[in-house]
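Please walk through the structure below, residue by residue and sheet by sheet.

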Amino acid sequence: MSKKELLYSIKDENGCSNMGGIAIDGSGILYCVKSSSDDENQCLYVINNYVRAKKTNGFVNPLRIHKYVRLGHANSLTLSGGFLYVGTNENYIIKLSTTKLKGTKHEAGTKIGINSGDADISSIAAVGNNQFIVHFSGHNDGHARQRVYFSSEITDTVEYDAKKMKTFTYPDTLKNNAKNTEAQDMFYKDGYLYFILAEKDENGKEFTKSHILKYRYSDCTYVGHETFTNEHATKFEIESMHIVGKTLVFSANESSSSHKNIDAIYMVKKWELA
């Protein structure tokens, strides 16, 4: 198992306690979103120089915190062309200017809906040139041993085309009960798709481990996976991820006997699956 390093925790703000997506730009700025339990409020954190960011009592000191009411569950973030795209778990995404997010004024962003289809957007990953990989809910893969993703062009709408659907089947080496799992965010890099699968304990009560699976995107070929846990936690759930070079960065929601629902950022250097 790879050695993970705790970078810092993300403090709750404005009633937002649910960790969502993360994304990291080329200059080392980390963006992450936390939402309230009813998804009515969200806080977007802008963290400068994510590896060496200043912290107080283990909590990071963000450069900016922007407050929102329309980012939904905000469980997925991706960067493309100077914009941050937010997968809301609703039937639209929000496109935000990263230049404006670094400033002091509020950036409302642009709301982009789906061109057709009755589905919500649960996760999104940038490929390039307005091309993205999107997961739409409603394809009966929530508790099956597979995930269904779409190639999608995003302009003034999010393209929904059944002809661009790909199915990624879990390997036999991943021994788990699909009914006790919950898929989280995904990430695309250099022709490979990664997605996160959180798994509950045998009683189906708390998430105690998370798997990150890697596939060749072109032909859906399984490459490998790694399972992460925290022996000191009663709950451990990876929410989102990003890869910088050979370094894996991920966000996790954790609980222990002394602390409940702590949202943290971890790093794995020289990750074998990167």
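Where is the place of Ser256? Ser256 sits in the loop between strand 21 (247-255) and strand 22 (262-268). Helices (H or I, at least four residues) and strands (E, at least two) are DSSP runs, numbered from the N terminus. The model is predicted, so local features need pLDDT of at least 70 and side-chain atom pairs count only at pLDDT 80 or more, while totals for chains, interfaces and linings use all residues. Residues are numbered from 1 along each chain as its sequence is written, and side-chain values use heavy atoms, with hydrogens and water left out.

Ser256 counts as buried because its relative accessibility is 14%; buried means under 20% relative accessible area, exposed over 50%, and partly exposed in between (1.4 Å probe, protein chains only). Leaving aside neighbours within four places in sequence, Ser256 is in contact with His232 and Thr234, where contact means heavy atoms within 4.5 Å. Thr247 is found in strand 21. Thr247 is also buried, at 16% relative accessibility. Not counting residues up to four places away in sequence, Thr247 touches His242, Met267, Val268 and Lys269.

Tyr92 has Gly113 as its bridge partner in strand 11.

Another open sheet of four strands has the order 12-13-14-15, and its pairing is antiparallel. Strand 12 (121-128) and strand 15 (165-169) stand at its edges; each has a single partner strand, so one side of each is left without a neighbour in the sheet. Here the twist averages 30° from one strand to the next. Strand 13 (residues 131-136) pairs with strand 14 (residues 146-153) in the antiparallel sense, over four bridges. Phe132 stands opposite Ser152 in strand 14.

Arg216 belongs to strand 18 (residues 207-216). With 33% relative accessibility, Arg216 counts as partly exposed. Its side chain makes a polar contact with the side chain of Asp219 at 2.6 Å. A polar contact is a pair of N or O atoms within 3.5 Å; within protein, one must be able to donate a hydrogen and the other to accept it, and residues adjacent in sequence count only if both atoms are side-chain atoms. Apart from residues up to four places away in sequence, Arg216 touches Phe168, Gly191, Tyr192, Thr221 and Val223. The C-alpha atoms of Arg216 and Tyr194 are separated by 8.9 Å, and the two residues are 22 residues apart along the chain.

Charged pairs remain. How many salt bridges does a search of the whole structure find? The search finds eight, a salt bridge being a side-chain nitrogen of Lys or Arg within 4 Å of a carboxyl oxygen of Asp or Glu. One of them joins the side chains of Lys102 and Asp25, at 3.9 Å from N to O. This pair links distant parts of the chain, 77 residues apart: Lys102 is in the loop between helix 1 (98-101) and strand 11 (110-113), and Asp25 is in the loop between strand 2 (18-24) and strand 3 (30-35). Lys102 is partly exposed at 33% relative accessibility, whereas Asp25 is buried at 18%.

Lys164 forms a salt bridge with Glu159, with the closest N and O atoms 3.1 Å apart. Lys164 is partly exposed, at 31% relative accessibility, and Glu159 is buried, at 17%. Glu237 and Lys235 also meet through their side chains in a salt bridge, 4.0 Å from N to O. Glu237 is buried with a relative accessible area of 8%, and Lys235 is buried with 14%. Finally, a network of salt bridges links Asp12, Lys34 and Asp263.

Conventions. Pairing = 2+ DSSP bridges. Axes fitted to C-alpha atoms, helices over the stretch in contact; angles between N-to-C directions.
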